[in-house]
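My entries follow the structure.

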Amino acid sequence: MRSSLLFLEAFLFLLGPAAGYLTTLVPEPGPSSLPLPEFSSSFTSGFRSGGSSSNSTGSGSGSVSQFSNFTGSKDDRGTCMCSVALPDTTFPVERVEQLEITAHILSENFKKELSKVKEYVHLISIYEKRLSNLTVRVEVMEENAISYTELDFELIKLEVKEMEKLIIRLKSSFVGSSEIVDQLEVEIRNMTLLLENLETLDKNNVLSIRREIAILKNKLKECEAAKAEGAPATAPPPAPGTCAHGGVVNVSKPTIVQLNWRGFSYKYGAWGRDYSPQNPDNGLYWVAPLNTDGRYLQLYRLYNTMDDLLLYTNAREYQITYGQGSGVAVYNKNMYVNWYSSRSIAKVNLTTNKVALTQTLPDAAYNNRFSYAGVGWQDIDLAVDENGLWVIYSTEASTGNIVISKLNDTTLVVLNTWHTKQYKPSVSNAFMVCGVLYATRTLNTRTEEIFYYYDTNTGKEGRLNIVMNKMQERLQSVNYHPFDQKLFVYNDGYLLNYDVIFGQKPR
């Protein structure tokens, strides 16, 4: 208690000079009374110099009355007593601690919200890129008027209706037996029903319907031609896998199967179907897009059926590290590729994905010395037809003209070689059918032409004029399948099919 009084005395002493004199500040009475100590002589004289004071309730004279009001009294001993009410001088530690905890919680919440905002900004950036990519893809599909995932049912319906009108007109004017016409009418009706059912199923199955429509159209054209000329319809196509025909005379319009499984950026590559003479109808479908550099063959996929390929299901994906260019061919469950940066040919077993054999192609130019026009790294182009495995290439001795060699598919040894007069870099691509080389060239961005042939059976060569429509500008590869009698074309990333039309064999 003594220390408290001393503190109060010091406090009052300091307040006095600030007001110009020394006095006692007495607030309103509080709950307790504190005894005042006896002041020193200096303190008392300073106190009394301001004037007299009363022992009872009152106010100091002069400037004292202007400073403060106070109450006081004396006890029995004559000691001066007064009551002082002091403010709460206790430091609010608990409140400050609570404030610090609240501030910490707010800071942590702010950090969490800030991290969420950063994450959202990153996600928005990713989605913007995806949306931009999707927009580009849709624009490309719109420009080319196709969709590789969903075909236009309404367009097919219109085609079927046109055939219905044609068959009705043909039936009303047909003279003689109408058995064939009646059969066509039934098939068209069945097609209409099947189309209606397919609208509720996977849209990719419409591709097979489109092929059947094309077949029906051809039959109708044959009937019309027979009616107009009074002659029998065109002879049926040759048996699959045989050469009982007069060579290639035309190709159908392309069937767009789909975009390759790696996407728009993979414009170079090849695709086709394995051909095995012992089991020609059960070949695997294969797709081999090159890397975006247009040179390196790293990945390929195998599919058991066309439906698997169309739906991207049940695919077996393999990796190799030595393929170069789009001149790939598959024959009898083996893939044949140009060995990277060499004139060698590699034979890859599709069952094990292991190299079974490599063999150097004598004198062959390689590494873009004599590749096709507009398609790099295809100096060595492998091909398959009814007779087996072939290779199309050039040599320095041939001054860039096409050289054709027949290979033993087991040992890769050259069995025979033919030299042509056609300069290879002026050709856009080539393929073999029944021992005859057919070469293509570009007419414009939407049209290709089969313009040249060389018959290894007779040694004859000549000019042709067979127009091929295409979807994109360049044909990266053309592979022929003897049993299906189709061309499998890789066109700037898209997989196309063409039906090959043969002429009648000369008698």
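Which residues form a nonpolar patch on the surface? I found F110, L114 and V117, with about 290 Å² of accessible area together. For patches I took residues with over 30% relative accessible area and no salt bridge, like charges being joined within 9 Å and nonpolar side chains (Val, Leu, Ile, Met, Phe, Trp, Tyr) within 5 Å. A salt bridge is a side-chain nitrogen of Lys or Arg within 4 Å of a carboxyl oxygen of Asp or Glu. Accessible areas are Shrake-Rupley values with a 1.4 Å probe, and for residues only the protein chains shown count as cover.

I note that this is a predicted model, in which local features need pLDDT of at least 70, side-chain atom pairs count only at pLDDT 80 or more, and totals for chains, interfaces and linings use all residues. Residues are numbered from 1 along each chain as its sequence is written, and side-chain values use heavy atoms, with hydrogens and water left out.

I placed V117 in helix 4 (residues 93-143); helices (H or I, at least four residues) and strands (E, at least two) are DSSP runs numbered from the N terminus. V117 is partly exposed at 45% relative accessible area. I used under 20% for buried, over 50% for exposed and in between for partly exposed (1.4 Å probe, protein chains only).

I searched the whole structure for disulfides (cysteine sulfur pairs within 2.5 Å) and got one. It joins C243 to C434, S to S 2.1 Å. The S-S torsion of C243 and C434 is about -100°, so I logged the disulfide as left-handed.

C243 is partly exposed at 30% relative accessibility, while C434 is buried at 9%. I also logged C80 as partly exposed, at 42%.
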